[in-house]
Amino acid sequence: MPRVVVNVMPKPEILDPQGKAVTGALKRLGFDGMTVRQGKRFEIEIDGEVTPEALQQVAAAAEKLLANTVIETFEVVNA
Amino acid sequence: MTRIGVVTFPGSLDDHDALRAVKLSGAEAVPLWHGADSVNDVDAIILPGGFSYGDYLRCGAIARFSPIMDVIIDQARKGMPVLGICNGFQLLCEAHLLEGAMIRNVDQHFICRDQKLRVETADTTWTCAFERGQEIVIALKNGEGNYQAAPETLKRLEDNDQVVFRYIDNPNGSANDIAGITNERGNVVGLMPHPEHNVEELTGASLDGKTFFESAIKFLTAR
């Protein structure tokens, strides 16, 4: 089945406490020079072809439910 | 008698505490179910604390699309008093009845403590029995109570007197020390601390929670 991916990330100006904690853990493990921001990836299998309309539907779903655009941004990727 | 409804979602924790607090404050407590398409003629509604849908996706994001929320959003826009406590506050933000959003606490900890707050406005349905500037103590318990909003939203909330409660000692990184806000009309209030846990001497560090429910009763009775 065709798959579309939605990536959701905290907005750059919004503090990311989880990313900060992971960054700290990496540093303690010796992985220097790595700054992490943590987001979410949704893999969506869709019925039928990945048409521009289908991508638009996925974007609408992302806008309505998958992301909270007050604090997050999203991108729709035709995988 | 004033009828105040409390909605139970899958994963609500404090619905029974809220029902009990309503009863102790002198109103009729009406249990409501998330899957219902009516609010059973109640005069006011409380969205209780807990972890609806296991906090999956984002806190409150899935419960926001429960059937009963369509009715509540409609009623809230018409002026019905709605109080969102903790998960209920997150739900109100997800439903865009209140502005902004909550993210994880700044130090990653789940915080559970008696929290000092300042009442910043008595000009809402749920705080009209408080004095502006009054300091109160209310139980706080959450992992994602860090209130954030765009700078222009924060400015508007401050300018319109929509910040209802401020932390006296900010526990979680919330912008402008905000613990609770209201909508423009003052009928929808959301806060992270739990007033339903401060209604009895045996279990509460204060009885300040009662004033929330008494405010709504006072407002509805005077109407």
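Two strands count as paired if DSSP finds at least two bridges between them. With that criterion in hand, this tour goes through a predicted model, beginning with the sheet of chain B.

**The sheet.** Select the strands of chain B. Nine of them, in the order S2-S1-S3-S4-S11-S10-S9-S6-S7, make up an open sheet of mixed pairing. At its edges lie strand S2 (28-33) and strand S7 (135-142) of chain B, each of which pairs on one side only. From one strand to the next, the twist averages 25°.

**Strand S3 and its partners.** Next, select S1(B), S3(B) and S4(B). S1(B) and S3(B) run parallel and are joined by 3 bridges; Ile4(B) has Ala44(B) in S3(B) as its bridge partner. On to S4(B): S3(B) pairs with S4(B) in the parallel sense, over 3 bridges, and Ile45(B) has Val82(B) as its bridge partner there.

Now show the side chains of S3(B). Ala44(B) and Ile46(B) point one way, Ile45(B) and Leu47(B) the other way, and all are buried. In a regular strand, side chains alternate between the two faces of the sheet.

**Across to S11.** Select S4(B) with strand S11 (residues 188-191) of chain B. The two pair in the parallel sense over 4 bridges, and Ile85(B) stands opposite Leu191(B) in S11(B).

**Helix H5.** Select residues 210-222 of chain B. This helix of 13 residues reaches 18 Å from its first C-alpha to its last, close to the 18 Å expected at 1.5 Å a residue. Its buried residues include Phe212(B), Phe213(B), Ile217(B) and Phe219(B). The buried residues of H5(B) pack against strand S1 (3-8), helix H1 (15-24), strand S3 (44-47) and strand S4 (82-85) of chain B.

Return to Ile45(B). Leaving aside neighbours within four places in sequence, Ile45(B) is in contact with Gly5(B), Val7(B), Val39(B), Ile72(B), Met80(B) and Val82(B).

**The interface.** Finally, display both chains. Here 13 residues of chain B are in contact with 9 residues of chain A. The chain B side comprises 5 nonpolar, 5 polar and 3 charged residues.

Notes
Residues numbered from 1 in each chain as written. Chains lettered and ligands numbered in written order. Predicted model: local features only at pLDDT ≥ 70, side-chain atom pairs only at ≥ 80, totals over all residues. Contact = placed C-beta atoms within 7 Å. Nonpolar A, V, L, I, M, F, W, Y, C, P; charged D, E, K, R; others polar. Expected span 1.5 Å × (residues − 1). Buried ≥ 20, exposed ≤ 12 C-beta atoms within 10 Å, placed from the backbone. Axes fitted to C-alpha atoms, helices over the stretch in contact; angles between N-to-C directions.
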